[in-house]
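Visitor: I would like to learn how to read the features of a fold. Could you walk me through one?

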Amino acid sequence: MKISRVKSEGGMNIIIVGCGKIGQNLAEQLNEQGNNITVVDISPEKVQEVSTRLDVMGVVGNGATHAIQQDAGIEQADLLIAVTGSDELNLLCCIVAKKSSDCHVIARVKQPEYSTESAYLQQELGLAMAINPQYAAAEEIARVLRFPSAMKIDTFADGRVELVKFRLPENSPLVGMSVRDVVSRLHCDVLICTVEREDEALIAKGDLTFKGKDVISLVASPKNAAHFFSKIGYRTHSVKDVIIAGGGKTAHYLCEMLLRDGIAVKIIEKETKVCEDLCAQFPSATIIHGNAGDQEILAEEGLADAGAFVALTNMDEENILLSLYAKRVFHGKLVTKINRFDFSDVVTHLDLDSIIYPKNIASDVIVRYVRAMKNTIGSNVETLYNIIKGKVEASEFIVKEGSAITGKPLMELAFKENVLIASILRGKKVLIPRGHDTIEPGDHVVIVSALTGLHDITDVLK
Amino acid sequence: MNYRMITYILGWILLFEAAFLLFPTVTALAFGEEAIKAFLLTIAICVLASALLIFRKPKHKELRSRDGFVIVSLSWIVLSLFGALPFMFTGVTTSYVDALFETVSGFTTTGASILPDVEVIPYSIRMWRSFTHWVGGMGVLVFIMAFLPLSGGRNMHIMKAESPGPSVSKLVPRVRTTALLLYGIYFVLTVILFVLMLCGGMNVFEALCTAFGTAGTGGFGFYNSSMGSFSPFLQVTIGVFMLIFAINFESYFALLQRRWRDIFTTEVVTFLLIVAGAVGIITFNLYSSFGSVSEAMRHAFFTVSSLISTTGFSTVDFDLWPELSKTVLFFLFFIGACAGSTGGGVKVSRIVLLFKGIAREIRCSIHPKQVKRITVDGKTVEQSTVNSVFIFFACYVIIFGFSLLILSLDGANFLTNFSAVATTIGNVGPGFAGVGPTRNFAFFSPLSKLVLIFNMLAGRLELFPMLLLFSPVTWKK
């Protein structure tokens, strides 16, 4: 008898090399979703820390060596994720793993030099994915700058449906209205999914009344979302100019994206060398050599009249302070990058508009990929977003022929508590579903639910 | 501390104990014994107590490190407290301390008894004694974790506290799967032994008791002569299986996966060398008195295997052997089995680390600036692990010393007391002189018995969970 694969409850065997911020985050999320995780790190303390906190196996050593990969069970692995701090090490890990196993491999690649070649690397080295947290963060920042009313925007079905999160001001006309009124009084075809109020997360029911400072998530097509926001008096046009504090990699990628969209970019960076490099790369951007923590410089560069301010320095504390200051002196869009997650509750209460957590973005992308990998094992999740971390998630399913959910009007189906059918995509049409609509085979369906870890669309039925 | 969760798990423990008790109940039914009433009554009490505790599910399932330790030590105590009831209800023992001693000795796989004559007690009680060995051998909580989804990742604390050895490594990423695998290996090996015993001419009752006692490395005899009355084939087979159960179960997992180089680890090789050495010396020492080398070797092998695996079965009264043999056997009490097995003692892996640590210390005194790390099987051992081994050993000696002091109040001779402490803390069973293989522990005072009970539990749970339970820091908010 040879035990070639020891599996429990259909989970996948996943090896995570590197127990940094992203590695730990990934281990936690993937473990919760029923996968068998083995973590590898050179530091015994880190491995110890993760393997006592979570139900995962730990291996100490250099994850790029064949011997250590064997100890971690590379032959039985379905997926290896290399997320150490070094790009070269990550790529080497993947190459070595590919030689001894037919598992999928994902590498974190953060250097712009490699990142521009990521398509080539993926193809030539057989990588399933090259994840660049900084790039992903920049993409997300660019998205909210184009649509500044939102705190966060995720997209489904190639951008045909958006999941928009925004905070309701005290004086909004929406305050005092109920969820039902959005359709009946405003005549907007959007679906309100969740409302976060203080520490509560509520799945929106028809009679829920909005209050000031609520954080609302809604699903709609981009056009309808814009219509809705203009009705309730929000700006819907993109910002015209942006001041970025800190000239790191995220700023580098962001600058590139914004310039492409014709948005004026001003970067404040204190390192001369970095300033010169940025200047050479982006001649049309304004590069300021100076300390972003200096009020004089911020005032001189016209923070008061800027369309947006993005705090991207390496220090979370500095970013938060800069944003708090910016919030006092101007009324533009505010984006704050936070690398460490530890005090997210406190940060949420500071009311800082959009907050970007690069490590969460990266792990969300990978978790999404893992879900998609499982499709072959029977689940059919297409994309997945955490709306409220660990509490509410939005997932996109493709409905298969003969599924129990098809053919009946929604109001006749018995759904579990706290489940919302947020939208149905049929061909090119986007439906915001109402009671008499039906789900047909081939539809893409976006479901918002407080049940995490859905595998099949029928999981939402009683 | 999460008291609700602790009591909740204790409730489950009692429910499982009720299930375990069905086994001797069936035995009583088969032999038509009066004792069936005692078992049914105990089951009823367990179920009732369990129902009270698991009636409400706790809100917070979070377990911290100290909760894990407390759960493990309390579980073993609760298990023994209730498991002792059949002894009282059947009138096998008249004092509760005696009943508790017998039960703790069973669950901790010690096999030390206070019963002068086991052949007069009901078959079902003898079956219960042997069955407690089997339950306790692999660990009760590991078993429960395999069947109950308790509290996610925090389970590791429990496994760590209950598994023998200086460091616990999982076989596979999930605690639950690991537990299932370990119990799977345990179960299959037990069944193989049971079948072999039947083939060798034992009846079903004898074969079951032998299989349970050997698998758990317990060693309760079900006849007064222990294993002395069985054929040489059976004795040798039991001898081999005692060694098998004393080897790290990770080696069997490696075997199943055909990772050949991981089977014979330093620990396993050292263990086998110690066995070979001890058998050699004792055979040399004994062959004149047994007349033939093969006869001497058989008894030497059985006794060495029995003592190093901390089982405690016997074929002859080794208390009558010459001093050299007795001294060698004495060392085996302390060395014990491999980590990750069902056996007790200090564990071979710790002995290996102790010697390597000493060797390094000597080297460092000669070359004061030398940097040297301890490696086992080509892997560096963390300094913290090495330290914990030395601290473990120091604790072992200190507990040993205090226990000896309390036992000496009773007035038995030094060798009796010394071997009584050694045999209980090492979970072996028989000792020398007054507690030799043909004697029992009945003559000790209740206080001494309680001390020995503590020793057995401390020895089985690797000292610290029990020490933690009695330390005020644990209970501070």
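The dialogue below goes from the whole chain to its strands and helices.

Guide: Welcome! Please keep in mind that this is a predicted model.

Visitor: Where do we start: how many helices and strands does chain A have?

Guide: Chain A has 15 helices and 22 strands. Its radius of gyration is 23 Å, close to the 23 Å given by the globule rule for 462 residues, so chain A is as compact as a globular protein of that length. The C-alpha trace spans about 70 × 65 × 40 Å along its principal axes.

Visitor: And what share of the residues of chain A count as buried?

Guide: The share is 47% of the 462 residues. As for contacts with a separation of 6 or more, 60% of those in chain A come from residues 24 or more positions apart.

Visitor: Now a sheet, please. What is the order of the strands in the open sheet of six?

Guide: The order in chain A is S14-S13-S12-S15-S16-S17, and the pairing is parallel. Strands S14 (286-289) and S17 (354-356) are at the edges, each pairing on one side only. From one strand to the next, the twist averages 15 degrees.

Visitor: Which helix packs on this sheet and touches S13 and S14?

Guide: That is helix H11 (residues 272-281) of chain A, whose direction makes about 170 degrees with that of S14(A). Helix H13 (residues 316-329) of chain A lies across S12, S15 and S16, and runs at about 170 degrees to S16(A). Two of the strands under H13, S15 (residues 308-311) and S16 (residues 333-337) of chain A, pair in the parallel sense over four bridges. Opposite Ala311(A) stands Thr336(A) in S16(A).

Visitor: What about antiparallel pairing: how many bridges link S7 and S8 of chain A?

Guide: In a regular strand, side chains alternate between the two faces of the sheet. Here, five bridges link S7 (residues 152-156) and S8 of chain A in the antiparallel sense, and Lys152(A) has Lys165(A) as its bridge partner in S8(A). S8(A) also runs antiparallel to S11 (residues 215-220) of chain A, joined by six bridges; there, Arg167(A) partners Val215(A) in S11(A). Six of the seven residues of S8 (residues 161-167) are buried, so this strand is largely enclosed by the rest of the structure.

Visitor: Finally, is helix H7 of chain A mostly covered or mostly uncovered?

Guide: An α-helix has 3.6 residues a turn, so residues three or four places apart point the same way. H7(A) is mostly covered, with ten of its 14 residues buried, including Tyr135(A), Ala138(A), Ile141(A) and Leu145(A). At 1.5 Å a residue, H7 (residues 133-146) should span 20 Å, and its end C-alpha atoms are 20 Å apart, which agrees.

How values were computed:
Residues are numbered from 1 along each chain as its sequence is written. Chains are lettered from A and ligands numbered from 1 in the order in which they are written. This is a predicted model: local features need pLDDT of at least 70, side-chain atom pairs count only at pLDDT 80 or more; totals for chains, interfaces and linings use all residues. Two strands pair if DSSP finds at least two bridges between them. Axes are lines fitted to C-alpha atoms, for helices over the stretch in contact, and angles run from 0 to 180 degrees between N-to-C directions. Two residues are in contact if their C-beta atoms, placed from the backbone, lie within 7 Å. The radius of gyration is taken over C-alpha atoms; the globule rule is 2.2 Å times the number of residues to the power 0.38. A residue is buried if 20 or more other C-beta atoms lie within 10 Å of its own, exposed if 12 or fewer, and partly exposed in between; C-beta atoms are placed from the backbone. The expected span of a helix is 1.5 Å times one less than its number of residues.
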